[in-house]
Amino acid sequence: MPAWGLWILLWAVAEAGSQGCPAPCTCQVLETMGLRVDCEGRGLTALPALPVHTRQLLLTNNSLRTVPPGAFDHLPQLQALALAQNPWHCDCSLTYLRLWLEDRMPEALPGVRCASPGLAAHRRLGQLTGYQLGNCGWQLPAPWAHPRVWWDVALVAVLILGLALLASLLWTSAKPLD
Ligand SMILES: *[C@@H]1O[C@H](CO)[C@@H](O)[C@H](O)[C@H]1NC(C)=O
């Protein structure tokens, strides 16, 4: 490939990489493909909108308190995550982050230190039990919530009605007419 071809290719890759880079952060195309998204020390209070090719995400030294449930689900390539030096609010809404880190990046878990609430302050997210995180009021779905159950109930009701009708018909026809 001629040199200019290589340049055009590099430019295209860089261009594709810079697209969707969140405003306060800087993005860099990695040799292994994917993006390094550097948001260190930007005073962030919320997670920025992250490009789908994010492979490394640096969030160290910000004012992040929480990560919305599902926040990393659209980032299949995410392999490195730096979360230290943020005032994490370790309540039930951080359960997503905790489980995600346990599954995908256990080595990053010790870096998440909680600043609040009182029960969790100065502890690590990974040390908190499910009880201490709170359960957000989650409940197992009641069997009544299942449409299939209502379908069965309707079927049984129709059967009972049919049987009652049949019984009453038999009853009246069996009775001698006065
Ligand atoms: C953290 O970020 C702030 C800017 O938000 C910066 O002034 C400070 O030097 C950074 N601290 C460290 C330890 O990197």
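Guide: Cys-114 counts as buried, at 5% relative accessibility. Buried here means under 20% relative accessible area, exposed means over 50%, and partly exposed is in between, with a 1.4 Å probe and protein chains only. This is a predicted model, in which local features need pLDDT of at least 70 and side-chain atom pairs count only at pLDDT 80 or more, while totals for chains, interfaces and linings use all residues. Residues are numbered from 1 along each chain as its sequence is written, and side-chain values use heavy atoms, with hydrogens and water left out.

Cys-114 forms a disulfide with Cys-90, and the two sulfur atoms are 2.0 Å apart. A disulfide is a covalent bond between the sulfur atoms of two cysteines; the pair is counted when the sulfur atoms lie within 2.5 Å. The torsion about the S-S bond of Cys-90 and Cys-114 is about -90°, so this disulfide is left-handed. It links distant parts of the chain, 24 residues apart: Cys-114 belongs to strand β6 (residues 114-116), and Cys-90 to the loop between β5 (88-89) and α2 (95-104). These labels are DSSP runs numbered from the N terminus, with helices (H or I) of at least four residues and strands (E) of at least two. Cys-90 is buried as well, with a relative accessible area of 0%.

The structure holds 3 disulfides. One of the others joins Cys-25 to Cys-39, with 2.1 Å from S to S. Its torsion about the S-S bond is about 105°, so the link of Cys-25 and Cys-39 is right-handed. Cys-25 sits in the loop between α1 (3-18) and β1, and Cys-39 in the loop between β2 and β3 (54-58), so the pair ties together parts that are 14 residues apart in sequence. Cys-25 is buried at 7% relative accessible area, and Cys-39 is buried at 0%.

Another disulfide is formed by Cys-21 and Cys-27, whose sulfur atoms are 2.0 Å apart. This link is right-handed, with 90° about the S-S bond. Cys-21 is partly exposed, with a relative accessible area of 23%, and Cys-27 is partly exposed at 26%.

Next comes the sheet. Four strands make an open sheet in the order β1-β2-β3-β4, with mixed pairing. The edges are β1 (26-29) and β4 (80-82), each with a single partner strand, so one side of each has no neighbour in the sheet. From one strand to the next, the twist averages 20°; such angles run from 0 to 180 degrees between the N-to-C directions of axes fitted to C-alpha atoms. Strands of a sheet pair through backbone hydrogen bonds, either parallel or antiparallel. Here β1 and β2 (residues 35-38) run antiparallel and are joined by 4 bridges, where pairing requires at least two bridges found by DSSP. Across this pair, Val-29 faces Leu-35 in β2.

A polar side-chain atom of Asn-61 lies 2.4 Å from an oxygen atom of the ligand, and a backbone N or O atom of Gly-41 lies 3.2 Å from a ligand oxygen; a polar contact is a pair of N or O atoms within 3.5 Å. Taken alone, the ligand exposes 360 Å², and the protein buries 30% of that, by the Shrake-Rupley method with a 1.4 Å probe. Asn-61 itself is partly exposed, at 42% relative accessible area.

The backbone of Asn-61 also deserves a note. Most residues other than glycine have a negative phi, and most peptide bonds are trans. Asn-61, not a glycine, has a positive phi of about 60°. His-122 is another non-glycine residue with a positive phi, about 65°. His-122 lies in the loop between β6 and α3 and counts as exposed, at 72% relative accessibility.

Pro-117 is found in the loop between β6 and α3 (130-133). The peptide bond that joins Ser-116 and Pro-117 is cis, with omega about -10°. Ser-116 falls within the residues of β6, 114-116, the strand that holds Cys-114.

Terms used:
Polar contact = N/O pair within 3.5 Å; in protein donor to acceptor, adjacent residues only side chain to side chain.
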